[in-house]
Amino acid sequence: MFSNFEINQLLLDKIKDIAITIFVSYSIIQITVLLIRKVFFKHLSKQSKMLITKAIIYTGVIVAIFIIIDILELKGVFKTMLGAAGVLGIVLGIASQTSIGNVISGLFLISEKPFELGDLIRVGDKLGTVYSIDLLSIKLRTLDNLLIRIPNQTIISTEVTNITKFPIRRMDIVIGVAYKENLKHVTEVLKNIAANNPDVLDEPEPLILTKDFNASSIDFTFGIWFEKDNYRQVRNSIFQAITETFAEEGIEIPFPHLSVYTGEVTKPFPVKTSKED
Amino acid sequence: MWKKHTIESNIVYKLSLGKLRVLAKKQAKEWLIKSDLDDDSDEYEFQKSEEQLVFADCKVFSADKSSSLFILPALPDKPVVVKPEKEFKLLPKTSVQLLISLPVWVQFYHSTVKKEHLILDTASKVLSKTWLGEPDSGMIAYSLKIKAGEVLSSGHAIENHIMCPVKISNDSNTVLDFQRFLLHTDQLTIYSVENKLYTNNVHVKFKGEGIVSDLNFSSHKPDALENAKKIAEPRNPEKRGALKRSFFFIKSLTQY
């Protein structure tokens, strides 16, 4: 049997071994991450760098945990616990169903790559840049700097729109003009507006389409292509150009209005006035 | 204009190149630079100016004591997609010589002509942008329309422009429907003769649809310009021999 002194000494030795294990594991993980970054990370995307770093850290932590279990000689204890934990295991499994679902969904997302770190995406009514892609969820940073956490299962089962996936985009603007306007003239004016804007691409060619005969106007779809980073600049400059050029060319953008008829189009609308005594 | 200038301190100098106006001033260890495009301007000079430079409107560069300023021409900083105003067809085994006029870019270097001493790199004319390739992949380029059939033999040059002689040969057995052509301006050298600017020759050999064309840049000045002097190096001299296709036939699928 061990004396109190010997037990204390054994305990101290184990604590010392655990401390050394933690320190060495931490150092090895940090050095490995640093070396991998210097050697391999030059040509990788932000997302790949993040995933590789996390994989190294998680692997290092799991190995350290197993070493600590070995130091504490708890293998036998764990075996016994696992053996007797049949019912507990089932309960834990059911309780962590959502978490496991999120992890598996996360793995599918990683392999499918519908978006990467820094992409601007829309999930339902949430719009933001991808801030991090984690084991259970992704995090979006909204345009007004809020952080939204979306579980991976939600991402997998929802429609996700990646707005900045491709290098160029088209902005579709619906413009209504008065019924009296000459449609050919309007088309020419829109072509010139696009041609005179240095940020609007010549090709793919701008789309000018007569869309609809609406209640108060004839609607055009005016689609212009631009580099994805120039969205705000292009939008502001094009709206300004449309307003100014239409005014110069005398093209009316009508307000919604309603014409009321009493029965026959040609007869004047009857108006009766009365005088109060 | 395209040479080394010695600048007096605290005096504003003005460069006018067509519609481009640049004001520059050296003070102590700083350069103040302001550039803009003026639709009403059409001059070609570099001299002292009475105009004032407002600090808030300028870009400021720290520099050494040197009062040397090198003004050099440069070619556009992106490739240029050249489109004839009307499509023309090149018959098999024939060639055409084009003279493409590219707006000049102006570069200012302080002290010496080194990349780290570049304090201005601006266009004398705004070129519209275009996309070469499919909407999901490709490259941004400038767009330029030329008159079909311009030839080098007249030897004319336009002020504020750099003339680029391009020979296009149809080495295939099919008719080349010349819609647009990508000019890699970052690999061209600039030569000067009698204040006119030219690049080295470019020769494109079309070998057939689906086959990569040959694109060659001559390593010397155009033959017709014996007295020309080299005035500026290519922006990107290392990438010799473009491997990408120079001709783009596939129309964008996004017509709706």
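This is a predicted model: local features need pLDDT of at least 70, side-chain atom pairs count only at pLDDT 80 or more; totals for chains, interfaces and linings use all residues.
Since Trp105(B) belongs to strand β11 of chain B and Tyr142(B) to strand β14 (residues 137–146) of chain B, the contact ties together parts that are 37 residues apart in sequence.

What about the strand that carries Trp105(B)? Strand β11 (residues 105–110) of chain B is mostly covered, with 6 of its 6 residues buried. Trp105(B), Gln107(B) and Tyr109(B) point one way from β11(B), while Val106(B), Phe108(B) and His110(B) point the other way. Both sets are buried.

β11(B) also has strand partners. Strand β7 (residues 68–74) of chain B runs antiparallel to β11(B), joined by 6 bridges, and here Leu72(B) stands opposite Gln107(B). Strand β12 (residues 118–123) of chain B pairs with β11(B) as well, again in the antiparallel sense, over 5 bridges. In β12(B), Ala123(B) is the bridge partner of Trp105(B).

Back to the rings: the count of aromatic pairs over all chains comes to 4. One of them brings together Phe226(A) and Tyr231(A), which make a tilted pair because their planes meet at 45°, with ring centres 6.1 Å apart. Phe226(A) is buried, at a relative accessible area of 0%, whereas Tyr231(A) is partly exposed at 32%.

How values were computed:
Residues are numbered from 1 along each chain as its sequence is written. Chains are lettered from A and ligands numbered from 1 in the order in which they are written. Side-chain values use heavy atoms; hydrogens and water are left out. Buried means under 20% relative accessible area, exposed over 50%, partly exposed in between (1.4 Å probe, protein chains only). Helices (H or I, at least four residues) and strands (E, at least two) are DSSP runs, numbered from the N terminus. Two strands pair if DSSP finds at least two bridges between them. Rings of Phe, Tyr and Trp (its six-membered ring) pair if their centres lie within 6.5 Å; planes under 30 degrees apart count as stacked, over 60 as edge-to-face and the rest as tilted.
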